[in-house]
Structure formats: C-alpha cells, structure tokens
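Let's walk through this model together, one piece at a time. Keep the sequence and the 3D view open as you read.

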Amino acid sequence: MSSDTQINHDQADLQAKARDHLWMHFARQSVMTEGPGVPIIVRGDGHHIWDAAGKRYIDGLAGLFVVNAGHGRRRLAQAAAAQAEQLAFFPIWSYAHPAAIELADRLADLAPGDLNHVFFSTGGGEAVETAFKLAKHYWKLVGRPLKHKVISRAIAYHGTPQGALAITGLPGMKSMFEPVTPGGFRVPNTNYYRAAEMGFPGGTEEEFGLWAANRIEEMILFEGPETVAAVFLEPVQNSGGCFPPPPGYFARVREICDTYDVLLVSDEVICAFGRIGEYFASDAFGYQPDMITFAKGVTSGYSPAGGTIVSDRVYEPFATGTTSFPHGYTFGGHPVSAAVALENLAIFEEEGLNAHVRENSPRFRATLEKLSDLPIVGDVRGAGYFFGIELVKDKATRETFDEDESERLLRGFLSKALFDAGLYCRADDRGDPVIQLAPPLTIGQTQFDEIEQILRGVLSEAWTRL
C-alpha cells in the first residue's frame with residue numbers, strides 16, 4: 001500500500017469513528033454526516049498546523065486563543081512528562097503539592113495590586129463560575145447577604161456552566177437551557193463602530209467610553225446597589241469581534257464599583273498571558289480589579305489549567321477561623337498543568353513575548369487595515385495580537401447581513417474558503433459577522449503579510465458571491 005493510499009485509508013477510518021462516536025463542541029454534528037467530514041488536525045509546529053492529509057495551515061487563532069507560545073515546544077512536553085513521573089496527580093483539597101504552590105506564588109507576583117490568592121480550576125468557564133460563587137459568598141460573610149446580582153455586557157461570552165451562562169450576554173446560547181441561574185443583567189458593550197445602535201447620541205470614542213461605563217452605574221442604581229455583587233468585564237470583549245475599551249472606560253468603571261461597593265471581575269481567560277502584550281490585560285489598560293479569571297494561555301494549551309486570582313480584601317473573610325469556601329474541582333491545580341504553566345511562563349520571560357507583542361501589534365494592525373479598501377470590510381479593531389474584522393453589506397450605511405446572508409457567507413463559504421486557502425481563524429456571527437485573529441505571539445511581519453494576502457483573496461471572492 002502506497003503512503004498516499006495509507007493516508008486516505010487512515011483518514012477514512014478516523015472520519016468514520018468521528019461520525020459514529022465523537023460529539024464536537026459548539027458544532028453542527030451534521031458536518032460529519034452530510035459533508036466530506038470534519039477537518040482532522042494531527043500536528044503543530046510554531047505558528048503552523050497540519051491536517052491528516054499533510055496540508056499546512058497558519059494557525060491564526062492559536063488553537064482557540066490558547067497556544068500563545070506556539071506549537072511544538074518540546075520543553076513544555078518534557079516538563080509535563082517529568083512532573084507526571086514524579087507526581088502525576090494529587091488534589092489540593094486540604095493538601096498541597098509543590099507545583100501548585102509555586103505557580104500560585106508566581107501568578108500572585110505577576111498579578112496587579114493586592115491580587116495575592118489563587119483558586120485553581122481547569123478552564124475558563126470554571127474560573128468564572130468560581131468568581132460568581134465567591135462574590136456571593138463574600139458578601140454574605142461580610143453581612144451584605146442581598147448582594148447577589150451580576151452585571152455584564154451585551155453579546156459577551158463568559159462560559160457555559162449555569163452560573164457563567166447567566167453572566168454570558170448571548171441570548172441564543174441560553175434559551176435552550178433556561179431557566180439559568182438568576183441574577184444576570186446586561187449593559188451596552190464597547191463596540192464604537194455600532195455605538196449609535198446601542199443608543200449613544202454621538203461623540204468621540206472617549207465620550208462613548210464614559211457613556212458606556214455610565215450605563216453600568218445606571219443598572220446598579222436601577223437594581224439597587226444593595227443587591228449587586230459584581231461586574232464581569234473582559235478587557236477586550238471577544239464575542240462580537242474584539243471590542244477594545246475606549247480611553248477612560250475602565251477608570252470610570254472602577255470609580256463606579258468603588259462608589260457602590262461592587263466587586264470588579266476582570267475576565268481575562270483570553271486576554272491574559274501576552275494576548276494584549278502584558279501578563280494581565282488589566283495592567284495594559286491601567287485598572288485594578290478585585291478578581292481576575294484566567295485559563296487558556298497560562299499553559300499555552302499544553303495541559304488544561306485555569307483559575308481565579310483574588311484580592312486580599314475578598315480573601316480576608318476566608319483567612320481565619322472555621323470558614324471555608326465549599327467549592328472546588330478534582331483537577332484544579334493539577335501537578336502536570338502547574339508544572340507546564342511554570343515552564344510556559346519561563347519561556348515568556350526568556351523570549352520577551354510580551355514585549356514582542358507590544359512592539360509588533362501596531363504593525364499587525366496596520367497590515368490588517370490594508371483590507372479596508374475592500375467593500376466588504378467595515379471595521380478593523382482590537383489590541384495586542386487580538387483583532388476582529390467586521391464585514392458589512394454597505395460601508396457607507398454600515399448595513400450588516402441578515403441571518404440567511406450570514407449563514408451563506410460565514411458557514412456556507414468563508415470558514416471553509418479561508419481554511420482551504422491555508423488560514424485557520426474564526427468566522428463568527430455572534431453579533432455582526434466578523435473574522436477574528438489571535439495567532440501565536442511569536443509571529444511577525446512576514447506572517448502578518450501572509451495572513452493579509454489570504455484574507456484579501458477570500459474576502460474579495462466573498463464579495464462577488466453576495
């Protein structure tokens with residue numbers, strides 16, 4: 001049997017097994033039964049991935065905003081193996097192990113201000129769930145038991161557990177699971193391109209930021225400050241297509257939270273560990289949260305890990321006496337994941353990845369902004385190595401696509417065409433149609449140009465199909 005024949009045979013076998021047994025996440029299972037099958041990725045190196053047929057692609061999404069240090073890092077695999085040989089697993093339920101202790105110490109050192117206490121989980125949704133439960137428990141312990149409500153932004157995604165889903169601002173992801181945990185309330189996001197549609201009367205981006213922040217105050221007052229526990233915000237909102245904070249936005253939010261005694265949770269599951277050019281994006285935008293949630297890039301995806309970093313103030317009621325936080329995860333603070341995270345952070349330091357992102361982000365933006373000459377490109381926005389390209393039917397009016405057009409454009413053409421052209425990224429319509437890019441933090445101008453050329457060709461063809 002020739003090598004090509006063997007590859008085809010292996011692919012067919014894998015596709016059959018996937019069709020019969022694999023339930024993909026956030027995906028239509030019909031892809032495997034009503035089409036050629038699901039793309040099967042078998043290898044990664046640097047900023048490239050390869051499929052089962054041997055074709056190479058640029059990983060324009062770092063897996064899923066995860067592989068920040070890039071694929072194929074042998075030392076991360078070796079760190080995992082060395083830890084597994086010594087201590088593969090032990091819980092941190094009333095016990096501890098060196099890897100979790102050292103990682104907590106390292107993260108507390110990197111986190112802003114007095115965020116000195118780390119509660120480990122295994123992913124972002126769990127980290128958000130932890131922060132939600134912790135906020136409610138904290139307020140009860142300090143004698144404010146009515147403070148249980150949480151405020152987040154329209155279209156924002158904060159995870160899939162029932163509590164995190166209550167914070168998520170995407171109705172289409174919630175209706176089938178209702179009733180969800182009560183207490184979640186929504187305010188406008190920071191999409192300046194669509195500010196008028198959210199009720200902003202007009203003005204500069206800074207004025208819009210203050211307007212959007214003041215909607216948080218308005219919601220707190222409407223619900224009653226004595227009932228609001230926390231505000232959950234991403235530094236750069238992912239869902240909807242990379243909404244950065246306008247100047248002054250987070251300073252005003254912090255002021256509002258202080259005025260009404262509400263906790264500020266910075267959901268940095270995507271934005272931490274270099275995505276915006278700092279270990280924590282709250283440092284990039286100059287604000288001090290009461291909690292930070294993290295996951296994804298802490299290990300660059302080489303092992304699952306997540307957590308919630310908590311301020312001294314929020315930790316204090318739990319620090320003494322008989323009080324405990326009755327919450328945890330079997331694999332939270334897993335020895336192998338913690339060891340990988342420590343090695344991953346060592347790579348960040350040695351290679352200066354945060355500085356690399358800060359230096360090259362303006363070049364990445366400028367390269368993507370070249371696409372603004374295309375009639376289908378309405379807006380290019382983002383920060384660090386995290387950008388969104390919003391697609392429109394009419395640039396002058398900013399008219400977007402209806403549901404049927406989005407179906408044909410994104411799922412019917414763009415996703416597959418971009419992949420076929422050699423670029424793995426995200427074509428998303430949670431909100432208005434957008435192409436999202438969040439590549440490994442190691443890439444530079446050569447890769448920026450390559451990404452722009454692929455996008456230009458595919459988006460130009462997409463326009464002719466409308």
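Strand β7 (residues 228–233) and β8 run parallel and are joined by four bridges; helices (H or I, at least four residues) and strands (E, at least two) are DSSP runs, numbered from the N terminus, and two strands pair if DSSP finds at least two bridges between them. Phenylalanine 232 has valine 265 as its bridge partner in β8. The model you are looking at is predicted, so local features need pLDDT of at least 70 and side-chain atom pairs count only at pLDDT 80 or more, while totals for chains, interfaces and linings use all residues. Residues are numbered from 1 along each chain as its sequence is written, and side-chain values use heavy atoms, with hydrogens and water left out.

Now stay with strand β8 (residues 263–267): five of its five residues are buried, meaning under 20% relative accessible area, with exposed over 50% and partly exposed in between (1.4 Å probe, protein chains only). One side carries Leu263, Val265 and Asp267, the other Leu264 and Ser266, and both faces are covered.

Which cysteine sulfur is closest to that of cysteine 242? It belongs to cysteine 271, 8.4 Å away and too far for a bond, because a disulfide is a pair of cysteine sulfur atoms within 2.5 Å. By this rule the count comes to zero disulfides. Cysteine 242 counts as buried because its relative accessibility is 0%, and cysteine 271 counts as buried at 1%.

Next, look for the open sheet of four strands, with antiparallel pairing and the order β11-β12-β15-β14. Its edge strands, β11 (377–383) and β14 (426–428), each pair on one side only. Three bridges link β14 to strand β15 (residues 434–437) in the antiparallel sense, and arginine 426 has glutamine 436 as its bridge partner in β15. Helix α13 (residues 353–369) packs on this sheet and touches β11, β12 (386–391) and β15, where contact means heavy atoms within 4.5 Å. Helix α14 (residues 403–420) also packs on the sheet, touching β12, β14 and β15.

Finally, find helix α4 (residues 74–86) and helix α12 (residues 335–351), which pack at an angle of about 150 degrees with their axes 8 Å apart. Axes here are lines fitted to C-alpha atoms, for helices over the stretch in contact, and angles run from 0 to 180 degrees between N-to-C directions. Among the residues that meet are Leu76 and Ala80 in α4, and Val336 and Ile347 in α12.
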